Amino acid sequence: MSTLSIIFTALFYISLFVFIVGMGKKIYQFWITPAPLKIPTAPTQLTQTGVVFRMIREVTLFESLFRSNKWIWLFGFLFHFGLLLVLVRHLRYFIPGDLPEIFLLMQPFKYAAFAMVIGLAGLLARRIFVPRIRYISAPSDYLMLLMLIVIGVSGVVMTFTDNHTDVMAVKAFASGLVTFDWANLPTEIHFLVHLFLVFVLLAVFPISKLLHVPGVFFSPTRNQVDDARKKRHISPWALQQEKEHAVKLEQTLGKDE
Amino acid sequence: MAAKEFDIPKLPTYIEIPELNPGVMEGEGPFKSSEEFQNPLGFPGEKVDNWQEVAIAKMGELKSKYRSVQVFLDSCVKCGACTDKCHYFLGSSDPKNMPVARQDLFRSVYRRHFTFAGKYFPKLVGAKELDDDMLDDWYNYFHQCSQCRRCSVFCPYGIDTAEISMAAREVLDTVGLGQKYCNQILGKALTVGNNLGLPEPALKDTLLDLEEEVEEDFEAPVKYPLDVKGSEILLITPSADFFAEPHIDGLIGYGKVFYQDGVSWTLSSYASEGANFGMFIGSYDVMRKAALRIRKAALDLEVSRVMVGECGHAWRVAYSFWNTLSGVGAGADSSDEYAAKLQNQLDHRYPQPQHIIEYTYDLIQRDKLEFDKSENDDRTVTFHDSCNVARATNMGGIEGGQFILPREVIKAVCNNYVDMERSTIKESTFCCGGGGGLLTDDLMEIRVKGAMPRMQALKEVEKNNGVDTLAAICAICKSQFTKVLPKFDFDPYMIVSVHQLVSNAIVLDKPQTDATDAEEAQEAETE
């Protein structure tokens, strides 16, 4: 194996490790942090089923964003949906050997790369040209978009121009990562940039705003059932406090007995 | 105090997103609290020496106790969806009044102290130190948020600036920088029992006067009972209802509805306050202390129903938090002795707690009340959805009931009703501009500017539909509108309680003692 292949193989495992451990820690933190009060935001759902459907609409259709701003919704939706299709299509590289026939149907998904890049470009343009959004943007906000754009564009270049990469070599490398049967990777610069930035993206996921992905599922304003009157909702720390401080609180109430 | 001079915003035909004017709302914020008001709440009387250390520790504690704070701080992608949703931004054009920018005052410090990227690459991710300037910005701009949660409706992740603003205010209180208005009021509420500091004898006198007045005006012996043990209903209402205009006409209306239903009810001198400013300052403990007074009053007076008068955040605290804080509600586990003690006493054929609008609506549905709608024919009415009722509660147990029930009550007593523009009502309602602990004269500039979007929508229905009456079910909205309406060339008396409209139209007859009587009486009248 070439030195470059060894480095990229190592980077893959390192970034994947950082991603899994980092996300695991973060999700655990979200999970164990109690929500002491019922704070769902209108339009609230009165049943658990309602909440599940609300969440599904939120993460598949970006319902609240649609209500909020059609441009951000359009670009955001193009990017996320494009990315999803592209990711699904990328599975072909990681599955060793012959592919199930269903992958033939996924062939057109390659065009989703354009949706993704157009969406990202739209978001970047808004960040640069809309003063309100420029005001709230930090350097990392631009960098994140640029990184994703470079990933998208380098992918488009490989797929749709004459600068094709040897896809069989890519498949050997990628599936080798899964089966621990490591192989050399193609050395075209756009492929290496594409791959490197994907590794960076994986590694920064748990320490950046990309945490919105698990975050949305834990958002109390969206995932709580609006049933505070019907069911007593109390967090462990508040319950303990209620028990311990019952007497003390009574004393501090002034004219209470 | 000499109020700062400021321009009153013009009312455009459509709400336009203003150009950014950084720093236009910079300032020292509202009057600061002093030792006298801080200490009873358990907060230091002045800014502590090691305030940075204390503040950061408090931030760490809050984010470990509130999932909302932790998740919201981590999840914002700065998409900008909320940037044009805050009434204070639309009215003031100060970019720090954009919800995300307001949160970022807090988030940038969180990033600096609690995240890897912020610790090692602060410039890259916009992480900032909590220095004197930042603390001043916190105090100023977190008191330009009415915690109305409009931004949360529009955020793709439901990020709620109110949660961040509450957390920031709690940190400020913890380092000794409290707001005078809220903390002074809380002192009265937690010792005397109401925000006005009205003791039992004064309250009793006020209610007796009211009874005399109502009897004179309406020729019916409507009662406003206080501390009557064994009553069926305990009414918890904002203390503004006892003396402020137009609030008191709402209280008169509640009394008439109770009278007509023939139900026994009482107010409590110990828990004579529906408002709970503990929510505004973000303190679970203080909010709980205030809520415990209602629990105790309900237990002491042995009532079977707890009802809440017209007050926005009071209804949020009652509907969403009382069950948690003090067990006023239903559905406690059998092992939960604390909550069960009260819940076994309550009559669960009714929702606990119940809103006065739910109660009146229910009576109307069951044909228990008779109205002469022509009494309100001189009015064309629109309804202002108060933010806490609209976005944080429900009524009637049906989806969107908090929008439907008040409108149905109004339509049952008025012939002329018009809604304001859809994007300014219901879950998208614009705050009156005075909520969240901002209803103080030292914040008049932001109150007037923040009222602009609501005033704009009102102006449209005034022009197009001849609306001359604005009905609301929130004590803060009513007080705020009384002050700001004239600034935008409206009649200050156009703001009324929903139960004032009910009061105008309700036909009073002899008190009835039970349902059969009521039905018979009504049948006799219709014949």
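Two residues are in contact if their C-beta atoms, placed from the backbone, lie within 7 Å. In this predicted model, local features need pLDDT of at least 70 and side-chain atom pairs count only at pLDDT 80 or more, while totals for chains, interfaces and linings use all residues. Residues are numbered from 1 along each chain as its sequence is written, and chains are lettered from A in the order in which they are written.

The contact between the chains takes 61 residues from chain A and 66 residues from chain B. On the side of chain A that touches chain B, 30 residues are nonpolar, 17 polar and 14 charged. Here Ala, Val, Leu, Ile, Met, Phe, Trp, Tyr, Cys and Pro count as nonpolar, Asp, Glu, Lys and Arg as charged, and the others, Gly among them, as polar.

Chain B has 23 helices and 7 strands. These are DSSP runs, numbered from the N terminus: helices are H or I with at least four residues, strands E with at least two. The radius of gyration of chain B, taken over C-alpha atoms, is 23 Å. Buried residues make up 60% of chain B. A residue is buried if 20 or more other C-beta atoms lie within 10 Å of its own.

Terms used: Rg over C-alpha atoms; globule rule 2.2 N^0.38 Å. Buried ≥ 20, exposed ≤ 12 C-beta atoms within 10 Å, placed from the backbone.
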